[in-house]
Amino acid sequence: MSQNIYDNPTFFAGYATLPRSVKGLDGAPEWPALRALLPDLQDKRVLDLGCGYGWFCRYAQQQGARDVLGLDVSEKMLAQAATMTQGTQIRYQRADIETLQLTESFDLAYSSLALHYLTNIDVLFATLFEALTPGGALVFSCEHPIYTAPAQQQWIVDEQQQRSWPVNHYQQEGERISNWFADGVKKQHRKLATWINAVIGAGFEMVHLDEWGPSEEMVALNPALAEERDRPMMFLLAARKPL
């Protein structure tokens, strides 16, 4: 099974303090850009990979989705999602998306900041391609390879207090260890080309790629976002299964 860091009590408690945990989608600054990549969800069957608290599942329900399946490896996340959810259109299941098998079809496969934990994305994209209906959409966000590349993911500040993000070991794909709310959090670094080619290799057509960063207006409202204009922390990708 994939590393289940979200069931670590220390990690879970720290994660609960993030704006995206407290405010949901409105607490994720990239959400407006990610939302713009989504198809119309009215009467659609939606799959959320790494659903966490279920914020997107509930959004899809509010947008008229016919059926929503939220998957997560974390029992703590799923328990929290269940307490926050009403209605029968949303189902939550515990699943390791690293070894995911699907027996039903969907119109949208969605994931927010979860796939960079996986060691094998080729198998997952192939599974999703088979499960999506013709014309179905794949929309996801991941940590950007510029962010994941360095062995030590932290800013370097010079004598003039200018910050720089080290881009080293970029070509060396594989595991990266970070200490984020808990020690030993395992993520996978891949080149941007590897991500794109994995999507194409599964049969998808590329629709849009966004190396996301906040606008000046967003920084004015939330100055803490200023550093995200110096390097991309995440990318957003939309693809489609051909008709």
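Of the 243 residues in the chain, 51% are buried (under 20% relative accessible area, with exposed over 50% and partly exposed in between; 1.4 Å probe, protein chains only). This is a predicted model: local features need pLDDT of at least 70, side-chain atom pairs count only at pLDDT 80 or more, and totals for chains, interfaces and linings use all residues. Residues are numbered from 1 along each chain as its sequence is written, and side-chain values use heavy atoms, with hydrogens and water left out.

The chain holds nine helices and 11 strands. These are DSSP runs, numbered from the N terminus: helices are H or I with at least four residues, strands E with at least two. The radius of gyration, taken over C-alpha atoms, is 18 Å. The globule rule (2.2 Å times the number of residues to the power 0.38) gives 18 Å for 243 residues, so the chain is as compact as a globular protein of that length.

Now the sheet. Seven strands form an open sheet in the order S3-S2-S1-S4-S5-S11-S10, with mixed pairing. Two strands pair if DSSP finds at least two bridges between them. Strands S3 (90-94) and S10 (205-210) stand at the edges; each has a single partner strand, so one side of each lacks a neighbour in the sheet. S5 (residues 132-143) and S11 (residues 234-240) pair in the antiparallel sense over seven bridges. Within S11, Arg240 is the bridge partner of Ala137.

The unreviewed UniProt entry annotates residues 47-140 as "domain: Methyltransferase type"; such annotations may be inferred rather than shown by experiment, feature names are shortened, and positions follow the numbering used here. That span is 30% helix and 32% strand.
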